[in-house]
Amino acid sequence: MGKKSLLMFCMTAIAFCAISTPCQGEEIDSAKVADAGLPVMYITTITGERPTFRTAKKENPDWIGNTITDEEKLPGRVYIQLKGETLYDSHEYIKDSTGMTIKVRGNTSALVSDKWPYKIKLQKKADLLCRGNDSIYKDKEWLLIRDENIRNMIGLKINELMKMQWTPAFRYVNVIMNGSYEGVYMLIESVKRKPKSRLDVSETGYIAEFDPYWWSESKYVESHLTWIPWLYMNYTFKYPDKDDITDEQLEYFAHFINKVEESLSDGTYSKYIDVESFARWMLARDILGNSDGAGSNIYLTKYDDTSDSKLMMGNLWDLEGSMKNEDKWDEVHNMGVFYYHDLFDVDSDDFLRMYKDIWRNESAAIFEGILAFLNDYAQSEEAVAMNNSVALDKIRWDMDHDDIPHCIAHAQEWFTHRKEWLSTAMSTIKTSTEIEQERMELEKLERATTYYNLKGQKVKNPPTGVYIRQRHGQTIKVFK
């Protein structure tokens, strides 16, 4: 741990408080849940209770403060049914053989509501999405996250249309835990290394997160980016796992990140980062207009530990804040969080040129694609089942969710307007080459302009006053 880290640690006090029993809304009959039309995920824990956790609070107000800790991991069974047919069954818990464990996951997402997100770890790999190719998709790690307003689904579709290196697969399910309805969830693949079906890095590669909650992790790599005094972020790891990563691996990644961050200021960043992936990630976020910048779930990959692999942006994640920054840039673009502070400002044109080229060449297809997707979804059986399920969820948790037709209509309006706004906003982003070209054009225009005073006498380099200007054969009266 470096001097800066030690100082931060000494200045930081972490307080722990137990989580109380969740507020109870109105219980929902399981038959109504099954009739809603979505697959139903039944979870039973050996204690017959939900897993618990505690809150970790960073007391120093200058940095981001609340997350969860000491997550209780409960063993049990999970099975999924649709219209009475069993799609999957883990069977009862036998360590390293059958069953699963479940725990609460997330940072603020677990603190804003009594409807908690979860991580499920199977004892035997399987594809909980039941896609029919178990050899490729089977895995032990699966997540249940909230998405009653379908913003995550829409954001993941943009991720796919933007051709990011991986788009997490998912399906909506209703969850019944220990006989009690938990609500509608997105059952989704977790962010992890899995070359054929999730993020593709080698055994010597890395999956890192630029993380405002680094202080709750035992191992991390320091960042030296300090544009925003109150937002201090470091790099934590999805791969190698924090329990497995060695000091040598940490040292290698720290040395590489130092090179990356130094290169941002002198414009040599294209030696270290995959410029196209950075441009695609930012443009996807700008299309979505996400209002979340501080806890922005910024995932990066490095394929291996050689100089041949560059830092790449991973997939978009946690898109609850999408479609909220109306008529302004995404919050990561706005705040200067992460590398984009320099990538938009440095004299090197590599990033800006790629960003604008992707917009010019692909934006029409992206907007057509998302609007077509929304139109198709609005007419789908799943949209009906989701609407039924959201209605039950509202009763269960006494929350004011919009219905699914309203969510779809809002998204359609957003992307229609967003395309128009971005088309205008893009003209304000100029590469240094474009700025120089404009300057030369202005000088050329100025040289082709002749000024006359009101007596008709030609004037060279006229001071401020009223003149007759002649340019390209046109004569007008001007103030100069």
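1. Let's start at one residue: Thr433 sits in helix α12 (residues 432-447). Helices here are DSSP runs of H or I with at least four residues, strands are E runs of at least two, and both are numbered from the N terminus. Keep in mind that this is a predicted model, where local features need pLDDT of at least 70, side-chain atom pairs count only at pLDDT 80 or more, and totals for chains, interfaces and linings use all residues. Residues are numbered from 1 along each chain as its sequence is written, and side-chain values use heavy atoms, leaving out hydrogens and water.

2. Now zoom out. The protein has twelve helices and 19 strands, and 50% of its 480 residues count as buried. Take the contacts (heavy atoms within 4.5 Å) with a separation of 6 or more: 69% of them join residues 24 or more positions apart.

3. On to the inside. The largest nonpolar core has 101 residues, and Phe278, Phe338, Tyr339, Tyr340, Phe351, Tyr355 and Phe415 have the most contacts inside it. Helix α9 (residues 350-378) gives the most to this core, with ten residues. Apart from this core lies another, of 26 residues, among them Met41, Ala110, Leu129 and Met177. A nonpolar core here is a set of buried Ala, Val, Leu, Ile, Met, Phe, Trp, Tyr and Cys residues joined through side-chain atoms within 4.5 Å.

4. Leaving aside residues up to four places away in sequence, Phe278 touches residues including Ile273, Leu300, Met312, Phe338 and Phe351.

5. Two elements give two or more residues to the lining of the second largest cavity: α4 (151-161) and β11 (180-189). Among the lining residues are Ile145, Asn152, Met186, Trp317 and Asp318. A cavity is a set of points on a 1 Å grid over the protein atoms alone where a 1.4 Å probe fits but cannot get out, and lining residues have an atom within 4 Å of a point.

Terms used:
1 Å grid on protein atoms, 1.4 Å probe; cavity = no way out; pocket = protein on both sides within 12 Å on 5 of 7 lines; lining within 4 Å. Buried < 20%, exposed > 50% of the residue type's maximum accessible area, 1.4 Å probe, protein only.
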